[in-house]
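Please look over the sequence and the structure before reading on.

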Amino acid sequence: MTEDLPLAQRILDCVESIPPGKVMSYADVAEYCGSRAARNVGRVLAADGGTVAWHRVLRSDGSCAEHLRAEQLSLLAAEGVPIRGDRVDLAAARWDGR
């Protein structure tokens with residue numbers, strides 16, 4: 001990923017490139033974009049208003065934000081993402097950016 005773009009654009013580009021059926025954690029996205037600030041990923045996605053596949057980004061333990069859980073898990077299940085209880089099976093669904 002090019003460092004020439006602003007961080008917010010790099011975050012949105014990364015999230016948009018996550019294939020259906022795969023997920024990344026907020027920390028994964030931050031690292032992919034050359035940042036250590038996972039919280040910035042959440043802020044950018046919240047401000048974006050849903051133009052990218054936000055539902056493919058979750059917490060590092062595979063859980064969703066409480067206020068988004070039902071919608072996020074429904075969208076992920078529709079893509080075939082493996083879910084155990086109320087968490088995504090990150091070992092099976094994590095995307096490494098390649």
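## Fold

Helices here are DSSP runs of H or I with at least four residues, strands are runs of E with at least two, and both are numbered from the N terminus. In these terms the protein chain, a predicted model, has the element order α-β-α-α-β-α-β-β-α from the N terminus on. That comes to five helices and four strands.

## Overall dimensions

The radius of gyration of the protein chain is 12 Å, which agrees with the value near 13 Å that a compact globule of 98 residues would have. Along the principal axes, the C-alpha atoms fill a box of roughly 40 × 25 × 20 Å.

Of the 98 residues, 41% count as buried. Taking contacts in the protein chain between residues at least 6 apart in sequence, 56% join residues at least 24 apart.

## Largest pocket

The largest pocket has a volume of about 190 Å³. Its lining consists of Y26, G42, L45, A46, G49, G50, W54, H67 and L68. Helix α3, residues 38-48, supplies the largest share of this lining, with three residues.

By residue class, the lining of the largest pocket divides into five nonpolar and four polar residues, with no charged ones.

## Q72

Q72 lies in helix α4, which spans residues 69-78. Is Q72 buried or exposed? Its relative accessibility is 1%, so Q72 counts as buried, the cut-off for buried being under 20%.

The side chain of Q72 reaches the backbone oxygen of V57 at 2.8 Å.

## A53

A53 is placed in the loop between α3 and β2, the latter being residues 57-58. A53 has a relative accessibility of 10% and therefore counts as buried.

Which residues does A53 touch, not counting those up to four places away in sequence? They are V15 and E16. A53 and R87 are 34 residues apart in sequence, and their C-alpha atoms are 18 Å apart in space.

Conventions
Residues are numbered from 1 along each chain as its sequence is written. This is a predicted model: local features need pLDDT of at least 70, side-chain atom pairs count only at pLDDT 80 or more; totals for chains, interfaces and linings use all residues. Side-chain values use heavy atoms; hydrogens and water are left out. On a 1 Å grid over the protein atoms alone, a cavity is a set of points where a 1.4 Å probe fits but cannot get out, and a pocket is an open set with protein on both sides within 12 Å along at least five of seven lines; lining residues have an atom within 4 Å of a point. Grid points are joined across faces, edges and corners, and a volume is the space filled by probe spheres set on the points. Ala, Val, Leu, Ile, Met, Phe, Trp, Tyr, Cys and Pro count as nonpolar, Asp, Glu, Lys and Arg as charged, and the others, Gly among them, as polar. Buried means under 20% relative accessible area, exposed over 50%, partly exposed in between (1.4 Å probe, protein chains only). A polar contact is a pair of N or O atoms within 3.5 Å; within protein, one must be able to donate a hydrogen and the other to accept it, and residues adjacent in sequence count only if both atoms are side-chain atoms. The radius of gyration is taken over C-alpha atoms; the globule rule is 2.2 Å times the number of residues to the power 0.38. Contact means heavy atoms within 4.5 Å.
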